[in-house]
Amino acid sequence: MSELSTTTIESESVTLEALAHLGEGHIAYVKQVRSEDVPDLFPQAPKIAPGLKLFALHAADGTPIMLTDSREAAVANAWSNELQAVSVH
């Protein structure tokens, strides 16, 4: 069994710029979104019917990567791009 490593960072010592780059290139996050929010997140997306629950995959810096109708597809896309997926609530 391998030992997990954890790092504790004091919030006063982390700049906004450093926080924005935390996990960059290694971590992506999955967030449930409403179809009404899609135009703001993905301006290039076609019009989607209102009232749908969708899942967006974002890079660690918040850049939208993909939109799908299942959490599993978003996580699979992260894994296929060698990103660790985390959930945002």
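The largest nonpolar core has 10 residues: Ala 28, Val 30, Phe 55, Leu 57, Met 66, Ala 74, Val 75, Ala 78, Leu 83 and Ala 85. H3 gives the largest share, three residues. The model is predicted.

**Cores and contacts**

- Val 30 belongs to the largest nonpolar core. Leaving aside neighbours within four places in sequence, Val 30 is in contact with Phe 55, Ala 56, Leu 57, Arg 71, Ala 74, Val 75, Ala 85, Val 86, Ser 87 and Val 88.
- Another core, of five residues, lies apart from the largest one. Val 33, Val 38, Leu 54 and Ala 56 are among its members.
- In soluble globular proteins, nonpolar side chains tend to be buried together.

**The sheet**

- Four strands form an open sheet in the order S3-S2-S1-S4. Its pairing is mixed.
- Strand S3 (64-68) and S4 are the edge strands. Each of these two pairs on one side only.
- Neighbouring strands of the sheet are turned against each other by 30° on average, direction ignored.
- S1 and S4 pair in the parallel sense, over five bridges. Ile 27 has Gln 84 in S4 as its bridge partner.

**Helix H3 on the sheet**

- H3 packs on the sheet and touches S1, S2, S3 and S4. The direction of H3 makes about 145° with that of S3.
- Which residues of H3 are buried? They are Ala 74, Val 75 and Ala 78. These three cover an arc of only 95° around the axis, so they sit on the same side of H3.
- The cover over the buried residues of H3 includes S1, S2, S3 and S4.
- Glu 72, Trp 79 and Ser 80 are exposed, on the other side of H3.
- Ala 74, Val 75 and Ala 78 are also members of the largest nonpolar core.

**Glu 82, after the helix**

- Glu 82 lies in the loop between H3 and strand S4 (84-88). Its place is just after H3.
- Phi of Glu 82 is positive, near 60°, in a residue other than glycine.
- Is Glu 82 buried or exposed? Glu 82 has a relative accessible area of 69%. Exposed means over 50%, so Glu 82 counts as exposed.

How values were computed. Residues numbered from 1 in each chain as written. Predicted model: local features only at pLDDT ≥ 70, side-chain atom pairs only at ≥ 80, totals over all residues. Heavy atoms only, no water. Core = buried A, V, L, I, M, F, W, Y, C linked by side-chain atoms within 4.5 Å. Buried < 20%, exposed > 50% of the residue type's maximum accessible area, 1.4 Å probe, protein only. Contact = heavy atoms within 4.5 Å. Pairing = 2+ DSSP bridges. Axes fitted to C-alpha atoms, helices over the stretch in contact; angles between N-to-C directions. Arc of directions from axis to C-beta.
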